[in-house]
Amino acid sequence: MYRSRLVSSILEKGKALNTSSSSTITGNSLSSTLGYRIFSSAAAGSGSWTAATASAGRSAAVYGFRFRCLPKGFSSPYVRDLCTIASAAFEKKDGLKILVTAGSRAQKMVGIWLFGSAAWVFSMVILGGVTRLTRSGLSMTDWKFTGSLPPLSEEDWLKEFEKYRQSPEYKRMNKGMSLEDFKFIYWMEYAHRMWGRALGIMFALPFSYFLRKGYITLNLGLRLSGLFGLGAGQGLIGWWMVKSGLEEPASEYAEPRVSPYRLAAHLTSAFVIYCGLLWTGLSVVMPEPPAESVAWVNGAAKVKRLALPVSLLVGITAISGAFVAGNDAGRAYNTFPKMGDAWIPDGILSMKPLMRNFFENTATVQLDHRILATMTLASIGSLWYTTRKIDIHPAVRSLIRSTVGMAALQVTLGISTLLSYVPVSLGTAHQAGALTLLTLMILLNHTVRKPSLSLLRALPTVSRTL
């Protein structure tokens with residue numbers, strides 16, 4: 001008798017909740033109703049589900065598995081068991097990859113941490129660019145994994161300065177440099193190194209906390225461990241790069257500088273870490289892509305087929321920029337659109353073997369970067385033009401437009417930097433622009449990924465909103 005009355009009360013309250021939620025759902029409230037759609041789809045596939053289960057699912061926090069399916073005033077173990085069954089069925093059937101399992105609050109905390117780490121890596125790339133453009137990278141002639149205190153007395157500064165005076169850069173380019181000038185380039189390199197070590201601590205401490213609290217799934221834990229390993233290796237790659245600039249150049253007329261191959265490896269590694277953190281953070285806070293209709297999902301699939309090769313081209317262009325920096329090619333052929341008086345300068349294939357020209361020949365490296373940048377701008381413009389009439393989510397369309405604008409700005413910055421003989425301000429802005437463009441491409445690819453099967457089943461054919 002008690003159970004019958006209890007079930008009747010639940011059904012009545014479930015009906016009231018259903019009526020209330022239906023009246024408040026609009027086309028713009030996808031994020032608040034997405035959990036209901038997934039849950040109700042899973043429920044519809046089983047004949048043993050009751051009306052109370054469906055009503056309870058409407059108020060479930062699906063992404064965090066914090067099911068609030070008990071109406072206020074009820075605490076029956078039978079209803080709690082029902083919620084447990086619903087949660088288990090959801091995990092089994094929908095195919096959605098949940099990376100944080102301790103509720104919406106934990107999801108938010110992990111997301112903020114990952115986005116903060118990505119922003120820190122972004123700032124590291126910018127600081128590294130400033131360090132390179134001010135020619136500060138070779139000022140510290142030794143390296144310790146744990147770091148060390150900076151010179152604290154005049155005697156300490158004189159010792160560090162004496163080490164630098166033995167380097168090829170000082171002998172060939174900075175002979176006669178004053179101690180005050182040395183202090184500036186030393187502080188630039190020291191700040192870059194310590195900022196990287198601070199990032200490692202800022203990443204490791206919250207990571208340990210989240211693991212201890214059980215917020216992170218095995219899948220996420222392995223992914224973040226790999227990114228942490230890459231970050232630790234980044235310091236070693238950085239010193240490996242700097243060490244190449246401390247060696248005597250092969251020719252007495254050559255300027256001492258780091259190997260372009262090692263510089264490209266260092267910058268590419270930073271880009272990989274940044275993209276990995278950004279993608280993972282987006283996956284934590286947005287397990288499902290924005291989708292309100294099957295038509296929009298199909299449109300997103302078409303955009304994805306176009307966006308992937310464009311993203312690859314953006315990445316290759318960014319890496320080619322590292323070779324421009326490594327060869328100091330931005331300070332040659334400071335004209336546009338021609339390179340000097342010719343469209344294609346002489347000697348672009350003068351090195352042997354032939355492949356060396358694409359990585360070590362100043363003229364060839366700059367010509368490659370110009371061609372790749374032009375292709376990138378044209379491909380992003382083509383992406384926008386091709387997707388104009390495709391039925392896609394407004395967020396996707398907005399991202400495509402932003403990417404076109406950023407690509408145009410980046411090409412403008414590149415040309416301005418070249419014509420101005422690479423000033424620190426424009427060179428830094430150009431490097432930041434490359435990473436910003438890559439960020440937009442990551443956002444676009446993440447937004448157009450395929451939704452889970454449960455969400456697809458719950459979607460209408462055509463969206464009711466614009």
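In what kind of crossing does H11 pass H13? The answer is a left-handed crossing, one in which the near helix is turned anticlockwise from the far one by less than a right angle. The model is predicted, so local features need pLDDT of at least 70 and side-chain atom pairs count only at pLDDT 80 or more, while totals for chains, interfaces and linings use all residues. Residues are numbered from 1 along each chain as its sequence is written, and side-chain values use heavy atoms, with hydrogens and water left out.

The chain contains 16 helices and 2 strands; helices (H or I, at least four residues) and strands (E, at least two) are DSSP runs, numbered from the N terminus. Of its 466 residues, 47% are buried, that is, under 20% relative accessible area with a 1.4 Å probe and protein chains only.

Two packed helices are described by the angle between their axes and the distance between the axes. The axes of H11 and H13 come within 9 Å and cross at roughly 160 degrees; axes are lines fitted to C-alpha atoms, for helices over the stretch in contact, and angles run from 0 to 180 degrees between N-to-C directions. H11 is therefore roughly antiparallel to H13, a term for angles over 145 degrees. Residues that make the contact (heavy atoms within 4.5 Å) include Val303, Ala307 and Val310 of H11 and His369, Leu372 and Leu383 of H13.

A second pair is H8 and H9, whose axes come within 11 Å and cross at roughly 165 degrees. These two helices are therefore roughly antiparallel to each other, and their crossing is left-handed. Among the residues in contact are Phe203 and Phe207 of H8 and Leu224 and Trp239 of H9. H9 has 28 residues and reaches 41 Å from its first C-alpha to its last, close to the 40 Å expected at 1.5 Å a residue, where the expected span is 1.5 Å times one less than the number of residues. Its buried residues include Leu220, Leu224 and Trp239, and their cover includes H5, H8 and H10.

The largest nonpolar core has 66 residues; such a core is a set of buried Ala, Val, Leu, Ile, Met, Phe, Trp, Tyr and Cys residues joined through side-chain atoms within 4.5 Å. The largest share of this core, 12 residues, comes from H10. Leu444, one of the residues with the most contacts inside the core, touches Val303, Ala307 and Leu383, among others. Apart from this core lies another, of 11 residues, among them Met140 and Tyr164.

Definitions and conventions
Buried < 20%, exposed > 50% of the residue type's maximum accessible area, 1.4 Å probe, protein only. Parallel < 35°, antiparallel > 145°, perpendicular 65-115°, else oblique. Lists of a residue's contacts leave out its neighbours within four places in sequence.
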